Amino acid sequence: MLKHNAISLAPLSPSKTSSKSPKMQTNAFQIIVPKPMIPSLINPPAVHRSPSSTPLLKPPCAISISTPNGGTTTTVSPLDVVDDSVTAFWDYQFLFVSQRSETTEPVTLRAVEGAVPPEFPSGTYYLTGPGIFSDDHGSTVHPLDGHGYLRAFSFGKTNGDEVKVEFMAKYVKTEAQVEEHDPVTGTWRFTHRGPFSVLKGGKKVGNTKVMKNVANTSVLSWGGKLLCLWEGGDPYEIEPETLDTVGKVSLMEGCDLAVETGGRGGGVWDVAARLLKPILYGVFGMPPKRLLSHYKLDSCRNRLLMVSCNAEDMLLPRSHFIFYEYDSSFTEVAKQAFTIPDHLMIHDWAFTDTHYILFANRIKLDVFGAMTAVCGTTPMITALSVNPSKDTSPIYLLPRFPDKVNHNRDWRVPIEAPSQFWLLHVCNAYENLDENGNSEIQIHGSACSYEWFNFQKLFGYDWQSGKLDPSVMNITGSKSLPHLVKVSINLDANGNCQRCDAEPLNEWNKSSDFPVINPAFSGTKNKYIYAAASSGSRSALPSFPFDMVVKLNASTKSVHTWSVGSRRFIGEPTFIAKGSEEDDGYILVVEYAVAVQRCYLVILDSKKIGAADALVARLEVPKHLNFPLGFHGFWASDD
């Protein structure tokens, strides 16, 4: 005889802390439509309930969301949400609901739990990511192709010790956004394909508008400029007070990759590059050079480090990189160029006091996919596929200051990490030198398997149906999923590699990504790492989206966590320093409470993660300003 538990859409306790984590469930997600007469059962895990200053909102009787297929509305009643796989499917969709509204004036946020302490630093937390996924003419786009939607949370003192938090959000007015959005009617018509999408309601075959610079990946405040960056073009400058778009900023003018270190000419790939350039630059309008969206801050030298590559590198088995260094006034103070004889896709990278470090995520050309992509019947990304032909992971150590190198090691020969992995993000790297000239390099970051990193199905997006399937992000096997890694490289005084190891950081094997540190320790030895992670408490969503913040101590190997609660997710954490100790500060992270369709800015005490009182405050974003899952953020201090 079947027993039926009552199902409620009310969220469980919004916070849960732990220094020990439950065993992660790794069942693959499947979309299961329950039989009307025999619904499946849900037994939500028990969670610690923290005292709240205000009662939780009562859930609506029905949930209405905009689905990716043309802006139609789907209603899910509590009676329908009877199987965790169904609940999980809709919870996942809520993370990618388009937000078409923008703020015209700052909106003061209300603390629904706790309070912002008087000593909280003054400044602004910027968060960028896509804002819209479907237009008014039947087209949808991949989350990576969604127009950049910049969110700003400003912290400032009012009369007395009270800290006021104001929220603003606006679209980055890129060239593509201006073309695709009608500000008079408020309607959208997608005209650019973007690298990961195919238009349904617009021009499909023969559409050469491929490089859709959406400025949606990362944000940076440096040298008096606020910039929104994307992986394939120039950044856009934003006015910090109003979030109005100033315009495109070129940081790569006058750069020649063939000069300086590593340039070679006359080979077969140089001929191929010369043939490709008129097609890529002229026909498809690709910029000659792509500025990568991930940058680094050298805290010791007070420098900004950035890197670019060539457009044609995506199609050829060689890669060109230029590394730029800027001082605090955004003046270029150094530039290095390298040519690597391998076909690579680099999203994030590392640096030390003496090296730039590239992890060789290896790709290859898919000839058939390239033909269909050029015709416009498949996304441009189908021209590429991952290349897991090697069992090892090549790591390139590039000399940051060649005139100071005292050995003859050929940097074109990579260090081979003994295991195969695809690097996702890097939070820090540093180098220790002993009295004999031997050095040890340590890199902390996140990685996944080549199997998990599926170009055509990132975030579970199906370009043929225009829908999101969370099962793609929750495949079985902990080694495949995003996880935190520590890579150690030992070099002798002559630059020869004596040892290279890659292992889970602190033996933490739960699905994790977006690792960050106290930025004051960037490029130097650090002890603490913070990341977004999955508790594994939901069988249908065991690995992604993330639902807890994890704090790892690299010295003691300890691990502590703070969990946001059931049917709530988080994005990338950001560290805000308040004292001289490495972990003396706060963690800012956005909570996406999908059960009640609300967004909250959460403030955690970074020292207390793992304790019951880690939560400092939870600030509520007005419901009409809810926003989709963000990508990367930046804290800009007023000091």
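These legends go with a set of close-up views of a predicted model.

**View A. Helix H4 and its two ends.** H4 covers residues 367-375, and its buried residues are Gly369, Ala370, Thr372 and Ala373. Strand E22 (363-365) is part of what covers them. At the N-terminal end, Asp366 does the capping, with a side-chain oxygen 3.3 Å from the backbone nitrogen of Phe368. Past the helix comes Gly376, with a positive phi near 95°.

**View B. The hairpin of E18 and E19.** Strands E18 (residues 319-326) and E19 (residues 332-340) run antiparallel and are joined by 8 bridges. Look for Phe321, which sits opposite Phe338 in E19. There are 5 residues between the strands, and Phe330 has a positive phi near 70° in this hairpin.

**View C. A salt bridge between Glu180 and Lys212.** Here the side chains meet at 3.1 Å, N to O. The two residues are 32 apart in the chain: Glu180 belongs to helix H2 (residues 175-180), while Lys212 is in the loop between strands E10 (187-188) and E11 (218-222). Both Glu180 and Lys212 are buried.

**View D. A salt bridge between Asp342 and Arg362.** The N to O distance is 3.2 Å. Asp342 and Arg362 are both buried.

**View E. Lys164 with Glu166.** Their closest N and O atoms are 3.3 Å apart, making a salt bridge. Lys164 is partly exposed at 34% relative accessible area, and Glu166 is partly exposed at 24%.

**View F. A salt-bridge network.** Asp298, Arg301, Arg303, Glu325, Asp353 and Arg400 are linked together by salt bridges. The model's salt bridge count is 30.

Notes. Residues numbered from 1 in each chain as written. Predicted model: local features only at pLDDT ≥ 70, side-chain atom pairs only at ≥ 80, totals over all residues. Heavy atoms only, no water. Buried < 20%, exposed > 50% of the residue type's maximum accessible area, 1.4 Å probe, protein only. Helix = DSSP H or I, 4+ residues; strand = E, 2+ residues; numbered from the N terminus. Contact = heavy atoms within 4.5 Å. Polar contact = N/O pair within 3.5 Å; in protein donor to acceptor, adjacent residues only side chain to side chain. Pairing = 2+ DSSP bridges. Salt bridge = Lys/Arg side-chain N within 4 Å of Asp/Glu carboxyl O.
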